[in-house]
Amino acid sequence: MKHVYFDNAATTQIRDEVIVSMAEVMKKHYGNASSSHGFGRSSKSLIEQSRKTIAKYLNVSAGEIVFTSGGTEADNLVLRSAVRDLNIKHIITSKIEHHAVLHTVEQLEKEYGILVSYVNLETNGDIDYSHLERLLQVEGKTLVSLMHINNEIGNILDIERVANLCKANQALFHSDAVQSVGHYEMDLQKLPIDFLAASAHKFHGPKGVGFAFVRKNSGLQPLIFGGEQERGLRAGTESVHNIIGMEEALKSAYNNLSKEANYIMGLKRYFIDKITEEIPETAFNGYSNDLNKGTYTLVNVCLPIPPKKAAMLLFQLDLKGIACSKGSACQSGSSQKSHVLTEILNDTDLQKPSIRFSFSLYNTKEEVDHVINVLKAFLE
């Protein structure tokens, strides 16, 4: 049976060179980075070199990179400390954010009684920028949390516009950039953003490691207490091999960015053309079929399948060896519909199956052909 992995927005295959570098570290550099002896100093040196490398690609100082267990922890670190320690009284976000942001904000609202505002959405899933500007007029110290690229429909936020709006209104700006770091160049010296979250396994690195960008002198305080690792901002013995794996993955991503992005964009364009030709009634959710306003890594399609038959679609695709998803992998065990699509689709379209197909450098046009053929056969 042919196996096709089109769920790269959930996680990616680790690059071979990343595995090699991680294995080397696990074999030779096993000292605790907080130890003062040579074994510890060796591990510490590797970690700090990784920090410098990652900071270089974002054009920030090494001291502004805080290693975490992933994007979820980075989001929690920023949001919780902003309310608890930075006196944030008002958070502006949207209802199509990742649950790492949405559920954290809901919990902060319960715990601290902060004001939470949800910016209006256009029918295509874009935020209403004029409404955001009005929300920024509300009195009280404000933080805006909006993701750079939506993980389900692929819409790209005009992050520079939002950052400048926040700066003009003395608001802090946090962005979950889990779907964009490693896929798009970002210059955080030119972009007035205060906090950013990233995760290694979204750009062909290991799971269980990520980082938060924390603008210098922000005043952010730790979420996890214990030792003095990460300059006191994140306690716990550092996972040296994972950090080095993340560095290697990010280096490979940015050193090959143009070539790989063009290749993946070609796959996406081919998928859109092929499914439009073979299944003409297919609709695309958000800007996922727009090659400029949507990320080049995914498409989200609404298929013309009756509700009763639709319930078996993902199961049937899996039986054919095809990996894809109906939304975020973090909620795949839930029977609830995608919270993102619920916000932007009408009731009729919500009854049809919407599937996210996300691509990487390891995919091929032959795999696209196979998937389209399987979908066609299911519709017959």
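**Helix packing around α7**

I began with handedness, and found that α2 and α7 cross in a left-handed sense. The model I am reading is a predicted one, and I keep that in mind for every value below.

For the geometry of this pair, I looked up helix α2 (residues 38-58) against α7 and noted an angle of about 30 degrees, with the axes 9 Å apart. Since angles under 35 degrees count as roughly parallel, α2 is therefore roughly parallel to α7.

Next I asked which residues of α2 meet α7. On the α2 side I listed S43, L46, I47, Q49, S50, T53, I54 and Y57, and across from them, in α7, I found V240, I243, I244, M246, E247, L250, K251, Y254 and N255. Sorted by class, the contact of α2 with α7 comes to ten nonpolar, five polar and two charged residues.

I then turned to the other partner, helix α1 (residues 16-28), which packs with helix α7 (residues 240-255) at an angle of about 155 degrees, the axes being 8 Å apart. Angles over 145 degrees count as roughly antiparallel, so α1 and α7 are roughly antiparallel to each other. The crossing of α1 with α7 is right-handed.

From α1, the residues making this contact are E17, V18, S21, M22, V25 and M26, while α7 contributes V240, H241, N242, I244, G245, E248, A249 and S252. By class I recorded seven nonpolar, five polar and two charged residues for the contact of α1 with α7. Reading the two lists against each other, I noted V240 and I244 of α7 in the contact with α1 and also in the contact with α2.

As background, most residues other than glycine have a negative phi. N217 has a phi near 65 degrees, a positive value in a residue other than glycine. Is N217 buried or exposed? Its relative accessibility is 76%, so N217 counts as exposed.

R231 is placed in the loop between β8 and α7 as well, and I read its phi as near 55 degrees, again positive in a residue other than glycine. At 45% relative accessibility, R231 counts as partly exposed.

I then asked which side chain the side chain of T295 makes a polar contact with; the partner is the side chain of T297, at 3.1 Å. With residues up to four places away in sequence not counted, T295 touches I149, G154, I156, Y184 and K268.

My last entry concerns I322, which lies in strand β11 (residues 322-323). I322 has a relative accessibility of 2% and so counts as buried. Leaving aside neighbours within four places in sequence, I found I322 in contact with V4, L317, H370, V371 and V374. I also looked up a separation from I322 to A100, a residue 222 places away along the chain, and the C-alpha atoms of the two are 27 Å apart.

Terms used:
Residues numbered from 1 in each chain as written. Predicted model: local features only at pLDDT ≥ 70, side-chain atom pairs only at ≥ 80, totals over all residues. Heavy atoms only, no water. Axes fitted to C-alpha atoms, helices over the stretch in contact; angles between N-to-C directions. Helix = DSSP H or I, 4+ residues; strand = E, 2+ residues; numbered from the N terminus. Parallel < 35°, antiparallel > 145°, perpendicular 65-115°, else oblique. Left-handed = near helix turned anticlockwise from the far one by under 90°. Contact = heavy atoms within 4.5 Å. Nonpolar A, V, L, I, M, F, W, Y, C, P; charged D, E, K, R; others polar. Polar contact = N/O pair within 3.5 Å; in protein donor to acceptor, adjacent residues only side chain to side chain. Buried < 20%, exposed > 50% of the residue type's maximum accessible area, 1.4 Å probe, protein only.
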